[in-house]
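Here's a guided walk through one protein model, taken a piece at a time. Have the picture open as you read.

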Amino acid sequence: MTETIGLLHPGSMGSAFGAQLRARGNIVLWCPDRRSDATRRRAQQTGLEPEALPELISRSDVLLSLCPPAAAEETAAQVAELGTAGVGTIYVEANAVSPSRVQRIADRLAPMPVIDAAVVGSPPVGGKYPTLYLSGPSKQADRIAELFAGTDVRPHVLGDSIGKASALKLTYSSYQKVSRVLAAVAYGAAETYGVADELLEIAAKRTRSYLVETDYIPKTAARAWRWGPELEDAAALLANAGLPDSLMHAAAATLARWDNNRDRLDIAGALEALRAQGTVDGPS
């Protein structure tokens, strides 16, 4: 069954998703108003159909928001203000935003059903297969999963609570993207001090992600009292190399929350000691 998808707005990820949906025979619309020449070229090459925003909204069975995270709420607000969506139209919020922001978007667009979505992986081109995590009302989530069945986008439904997909995306990003930043800073410092090759040799001995080693969290807590000062010295080294030292100071401040826990805790105890006072931004 052919569906009409309104794509808001086709950057490199969005246009690749649009191409996957087009390959299955769907109609994919986009709005060229105030878009860059690069975006226009991508949309044209992908075979997307240009449409003014009011008509895009009114024609679409699914509105797929894949835009810079900072623009996610503004994009949803434009859709809400126009108020021309058809009965049964589903809004898919697929940007890297917090669960609380997804909930604000859902509240703003009500009664239109909103699916919380998150893309993990590279755009689906050149043999790459990103996963599209979905959470929200089960009927609509299953419909979006079916929309991508047979494409290079792998849908995965997490449950019916809005916020789960976004929480998964940002918890992964908090490790993966910061790790990339740390790698650049560490390599820059090693290069400054003439030990870059040796640093890479040490790093090459490790093939497993720290993220999967949850059993090491209590060990980290028990060693925080001496790791913290070491990272402060690392901050001084970075500063002397003309590199940003704020991440090291932040890590030392985080370790300081474990200063009074030199004895081994279990994972739950270590995390409890790490948490800030206040409420947790969990799923609604």
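**Charged pairs and a sheet**

Let's start with R104, which is partly exposed at a relative accessible area of 43% (buried means under 20%, exposed over 50%, partly exposed in between, with a 1.4 Å probe and protein chains only). The side chain of R104 meets that of E73 in a salt bridge, 3.0 Å from N to O (a side-chain nitrogen of Lys or Arg within 4 Å of a carboxyl oxygen of Asp or Glu). This pair joins distant parts of the chain: E73 sits in helix α4 and R104 in helix α5, 31 residues apart. Helices are DSSP runs of H or I with at least four residues, strands are runs of E with at least two, and both are numbered from the N terminus.

A quick word on the model: it's predicted, so local features need pLDDT of at least 70 and side-chain atom pairs count only at pLDDT 80 or more, while totals for chains, interfaces and linings use all residues. Residues are numbered from 1 along each chain as its sequence is written, and side-chain values use heavy atoms, leaving out hydrogens and water.

E73 also meets R101 in a salt bridge, at 2.9 Å from N to O. R101 is buried, with a relative accessible area of 18%, whereas E73 is partly exposed at 26%.

Now for the sheet: it's open, with eight strands in the order β3-β2-β1-β4-β5-β6-β7-β8 and mixed pairing (two strands pair if DSSP finds at least two bridges between them). Its edge strands are β3 (49-50) and β8 (154-159). In β3 you'll find E49, which is linked with E51 and R59 in a network of salt bridges.
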